[in-house]
Amino acid sequence: RQYRHGGRNDQMQLKSVIASTIMTSVDAIWRNYPYLAAAFTCGIKASAADMVAQNRQLKKRQKSMAKNAANSTSSSSLSAAAAEVSKKTVNLRQNVAYIVYGAIYQGAAQEYIYNHVYPVMFGAS
């Protein structure tokens with residue numbers, strides 16, 4: 001038999017090198033472009049949070065409609081309302097508003113406040 005030495009080890013080393021390269025690149029971006037990095041990160045987080053909230057709200061409405069349909073005698077009007085709720089998708093305008101808010105205030109403005117204003121007011125750590 002011929003054994004391949006280090007096959008699994010080589011894969012682990014390659015993954016480690018790739019992860020290290022990615023982390024070094026991310027670190028360089030944060031160091032060289034802190035406002036852009038903060039804005040991007042906070043915009044993505046705000047968008048994700050809004051998506052979770054919208055999806056939960058949609059599921060809540062659908063569950064409520066199903067409950068009302070089961071309890072109602074006038075099923076035609078409720079089924080029309082349930083169909084309307086099930087057609088609803090993510091409100092992109094709202095999500096873009098969260099992205100902009102997250103990027104501008106939670107990202108860039110807070111980067112400035114925490115790293116420039118607070119050290120002047122309270123002293124550097």
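1. **Before you read on.** This is a predicted model, where local features need pLDDT of at least 70 and side-chain atom pairs count only at pLDDT 80 or more, while totals for chains, interfaces and linings use all residues. Residues are numbered from 1 along each chain as its sequence is written, and side-chain values use heavy atoms, with hydrogens and water left out.

2. Of the 125 residues in the protein chain, 16% are buried (under 20% relative accessible area; exposed is over 50%, partly exposed in between, with a 1.4 Å probe and protein chains only). The chain's accessible surface is about 10,300 Å², and carbon and sulfur atoms hold 60% of that (Shrake-Rupley method, 1.4 Å probe; for residues, only the protein chains shown count as cover).

3. **Who touches whom.** Take the contacts in the protein chain with a separation of 6 or more: 76% of them join residues 24 or more positions apart. Contact here means heavy atoms within 4.5 Å.

4. **One salt bridge.** Searching the whole structure turns up one salt bridge (a side-chain nitrogen of Lys or Arg within 4 Å of a carboxyl oxygen of Asp or Glu). The partners are Arg31 and Asp27, at 2.9 Å from N to O. Both sit in helix α1 (residues 7-32), four residues apart, or about one turn of the helix. An α-helix has 3.6 residues a turn, so residues three or four places apart point the same way. Arg31 is exposed, at 64% relative accessible area, whereas Asp27 is partly exposed, at 35%.

5. **Have a look at α4.** Helix α4 (residues 92-122) has a kink of about 35°, centred on Gln110; the bend at a residue is the angle between axes fitted to the seven residues ending there and the seven starting there. Gln110 is also one of the buried residues of α4, along with Asn95, Gly102, Ala103, Gly107 and Glu111. Their cover includes α2 (34-71).

6. **The two ends of α4.** At the start, a side-chain oxygen of Asn91 comes within 3.2 Å of the backbone nitrogen of Arg93. After α4 comes Gly123, with a positive phi near 90°.

Terms used: Polar contact = N/O pair within 3.5 Å; in protein donor to acceptor, adjacent residues only side chain to side chain.
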